[in-house]
Amino acid sequence: MLAPVDRSAIWLAKTLSVLGFLVAAELVALPAFAMFFSGIDGATVAGVALAGFARNSGVFEIVEALADIWVDESQRKAPVDSGQLRARINVTSIRDMGSSAVAEIQSDVPYAGFVEYGTRYQRPQPYFRPGRD
């Protein structure tokens with residue numbers, strides 16, 4: 001080793017610098033953790049109240065009805081070979097997002113994307129995207 005100091009001094013310096021870095025990281029992380037993961041306060045109560053607004057204003061029911069229409073149209077337009085694709089187009093979840101709601105619609109058959117978008121051997125047979133029109 002070409003350092004002009006003893007190896008034990010280098011080892012001690014490395015150890016102290018890592019320890020100093022860990023202390024500095026904890027000094028930043030602990031207050032951030034306390035700020036983001038504190039108990040229930042006014043902001044949390046307001047967020048829960050606003051999330052409930054979507055259900056109370058009818059937005060949730062409207063999104064649910066539109067998702068059902070999209071599923072029905074997609075099932076109607078889906079090509080039928082074995083019937084699995086058509087049968088497995090479903091609404092998987094509807095989530096409140098404050099003053100709005102989001103529906104997730106999918107088909108869990110492994111070949112659904114190949115039918116929708118096609119492959120180099122098979123032309124696309126869109127059923128999902130036209131279902132929203």
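**Salt bridges and surface patches in a predicted model**

Asp108 is partly exposed, with a relative accessible area of 48%; here buried means under 20% relative accessible area, exposed over 50%, and partly exposed in between (1.4 Å probe, protein chains only). The model is predicted, so to speak of local features a pLDDT of at least 70 is needed, side-chain atom pairs count only at pLDDT 80 or more, and totals for chains, interfaces and linings use all residues. Residues are numbered from 1 along each chain as its sequence is written, and side-chain values use heavy atoms, with hydrogens and water left out.

Asp108 forms a salt bridge with Arg88, the closest N and O atoms being 2.9 Å apart (a salt bridge is a side-chain nitrogen of Lys or Arg within 4 Å of a carboxyl oxygen of Asp or Glu). Arg88 lies in the loop between helix H4 (84–87) and strand E1 (89–96), and Asp108 in the loop between strand E2 (101–107) and helix H5 (112–117), so the pair ties together parts that are 20 residues apart in sequence. Helices (H or I, at least four residues) and strands (E, at least two) are DSSP runs, numbered from the N terminus. Arg88 is partly exposed, at 31% relative accessibility.

By this rule the count comes to 3 salt bridges. In one of them, the side chains of Arg76 and Glu73 meet at 2.7 Å, N to O. These two residues are 3 apart in helix H3, and therefore about one helical turn separates them. Arg76 is exposed at 53%, whereas Glu73 is partly exposed at 24% relative accessibility. Glu104 and Arg95 also meet in a salt bridge, at 3.5 Å, N to O; Glu104 is partly exposed at 32%, as is Arg95 at 38%.

Two surface patches may be described next. Patches are made of residues with over 30% relative accessible area and no salt bridge, like charges being joined within 9 Å and nonpolar side chains (Val, Leu, Ile, Met, Phe, Trp, Tyr) within 5 Å. Trp11, Leu12, Leu16, Leu19, Val23 and Leu27 form a nonpolar patch with about 660 Å² of accessible area together (Shrake-Rupley method, 1.4 Å probe, only the protein chains shown counting as cover for residues). Trp11 lies in helix H1 (residues 7–36) and is exposed, at 59% relative accessibility.

For the chain as a whole, the elements run α-α-α-α-β-β-α from the N terminus on. Of its 133 residues, 15% count as buried.
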